[in-house]
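Me: I would like to learn how to read a protein model, one feature at a time. Where do we begin?

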Amino acid sequence: MRIGKPRLSAMRIAEMNLGFFGLQFSFGLQQANMGPIYSYLGADEATMPLLWLAGPVTGLLVQPLIGALSDRTRTRFGRRTPYFLIGAVLCSLGLLAMPYSPALWVAASLLWMLDAANNVTMEPYRAYVSDRLDESQRTAGFLTQSAFTGLAQTLSYLAPSLLVWGGISADLIDANGIPQITRIAFLIGAVLSISTIVWSVVRVPELPLDPAEEAPSLSARGALADIAQAVRDMPPAMRQLALAMLFQWFAMFAYWQYIAFAIARSLFDTADAASAGFRQATLVTGQAGALYNFVAFLAAFAMVPIARRFGAKHVHAVAMLLSGAAMLSLPWVDGRTALALPMIGIGIGWASLMGNPYVMLAGAIPPQRTGIYMGIFNMFIVVPMMIETLVMPLIYRPVLGGDPRHVLVLAGAMMLCAAAATLRVREARATPA
């Protein structure tokens, strides 16, 4: 019987989260490039959110089920590791194929595969951190994960610009209008996706299960029953987080979908996806995204002692306030350098989004049900995304005037609502089931 969990050094905590770097590099490539790829292949701005439906739907279906299955899985490699590896392989294949899409339906289909694979890896990774670290190190663990998110997405957003600065023309495109720099960036993502996951599981393998963490053996029927029971038994703090998650993830999904189009209008006065100005807007969007993700990388480490002192809830509320103010200011930005200040606010918010809600959650759920509750918690992310996906095509032209800059104003208002909703959460510590 294992007594407690061994404390890990900062280096080991970093190594166990390295696989999250590869996973988030993949997500960053999607966030920065799927809108432009869809536009190159002929998609309309108003219906753009429907083409992003793969992310929330696969997250809704895959993560709770994988969470329940991983709680019950028993292999000599551990209960989470098989899912890391399967997801990473499928993700790498999807990344390799995406920039070669010959038609819109092919790109949309590949995104379904890619998002399903990412979700197979994502949920067990959250649970792995909670499994592997004792309570005193979980804040550091989750915020280190957040830091790797910031670093990975900094590099993924910046990758096309780095290739241009290295001498590859942004106007070198294939017959479908997809730039060569996009293809190379996705190839890099495919390599990182699998290699970083393998490094993490080899360097910081899972621990043998403590009796308190044991769950019944694997079965699909048992997993579905676990999901239903877990929803009924959901801790109050987790329920209270739902409203804040609704506002903040609606806002982030809308931001990712429309930021490139807003910058194209504000800085380059174009809505034509085939124009050189639009390709330049895509590069500037990547550079701005790299900045906010680099800020997130630094902010995540800075938040560790602050969250310990003041509580994750209060830190998160302030971060949402800053992010909301930044999004509200974006439509009035009229130059590249002026983008820097809003990106700082969004970066602080992004760092908090990827860490602090999980700190609040980890203290409220029983250890033997970590996987399933992490999976259910992902529903609080994907349901707002699904709502945004269905609502935005209905309001984009009649309410928002067909202007992507107005989408950013709506997203900023949503972030301010998220800050207020976060303050209503009553944090709690875990209790055995």
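This is a predicted model: local features need pLDDT of at least 70, side-chain atom pairs count only at pLDDT 80 or more; totals for chains, interfaces and linings use all residues.

Me: Which residues have the most contacts inside the largest nonpolar core?

Reply: The general idea comes before the case. In soluble globular proteins, nonpolar side chains tend to be buried together. Here the largest nonpolar core has 126 residues, and those with the most contacts inside it are Tyr38, Trp249, Met252, Tyr255 and Trp256. Helix α10, residues 236-268, gives the most to this core, with 19 residues. There is also a second, separate core of five residues, which includes Val62, Ile66, Tyr83 and Val120.

Me: What does Tyr38 touch?

Reply: Leaving out residues up to four places away in sequence, Tyr38 touches Ala43, Met48, Leu51, Trp52, Leu104, Ala107, Ala108 and Leu111.

Me: What about the rings of Phe261 and Phe278?

Reply: Their centres are 5.7 Å apart and their planes are at 40°, so this pair is tilted. Phe261 lies in helix α10 and Phe278 in helix α11, residues 276-310, so the pair ties together parts that are 17 residues apart in sequence. Phe261 counts as buried at 2% relative accessibility, and Phe278 is buried with a relative accessible area of 2%. Both belong to one aromatic cluster, formed by Tyr40, Tyr258, Phe261, Phe278 and Tyr396.

Me: How do I check the length of a helix such as α5?

Reply: Compare an expected span with the distance between the ends. Helix α5, residues 81-97, has 17 residues, and at 1.5 Å a residue these should span 24 Å. The expected span uses one less than the number of residues. The end C-alpha atoms of α5 are 25 Å apart, which agrees.

Me: Which residues of α5 are buried, and what covers them?

Reply: An α-helix has 3.6 residues a turn, so residues three or four places apart point the same way. In α5 the buried residues are Thr81, Pro82, Tyr83, Phe84, Gly87, Ala88, Cys91, Ser92, Gly94 and Leu95. The elements covering them include α2 (18-40), α4 (54-72), α6 (104-132) and α8 (180-203).

Me: Is Tyr258 buried or exposed?

Reply: Residues under 20% relative accessible area count as buried. Tyr258 has a value of 0%, so Tyr258 is buried. Its place is in helix α10. A polar atom of the Tyr258 side chain lies 2.8 Å from the backbone oxygen of Glu45. Tyr258 touches Glu45, Ala46, Met48, Pro49, Met392, Tyr396, Pro404 and Val407, again not counting residues up to four places away in sequence.

Me: What does the side chain of Ser200 reach?

Reply: The side chain of Ser200 reaches the backbone oxygen of Glu15 at 2.7 Å. Ser200 is in helix α8 and counts as buried, at 1% relative accessibility. Beyond four places in sequence, the residues that Ser200 touches include Met16, Asn17, Tyr125, Tyr128 and Pro205.

Conventions. Residues are numbered from 1 along each chain as its sequence is written. Side-chain values use heavy atoms; hydrogens and water are left out. A nonpolar core is a set of buried Ala, Val, Leu, Ile, Met, Phe, Trp, Tyr and Cys residues joined through side-chain atoms within 4.5 Å. Buried means under 20% relative accessible area, exposed over 50%, partly exposed in between (1.4 Å probe, protein chains only). Helices (H or I, at least four residues) and strands (E, at least two) are DSSP runs, numbered from the N terminus. Contact means heavy atoms within 4.5 Å. Rings of Phe, Tyr and Trp (its six-membered ring) pair if their centres lie within 6.5 Å; planes under 30 degrees apart count as stacked, over 60 as edge-to-face and the rest as tilted. A polar contact is a pair of N or O atoms within 3.5 Å; within protein, one must be able to donate a hydrogen and the other to accept it, and residues adjacent in sequence count only if both atoms are side-chain atoms.
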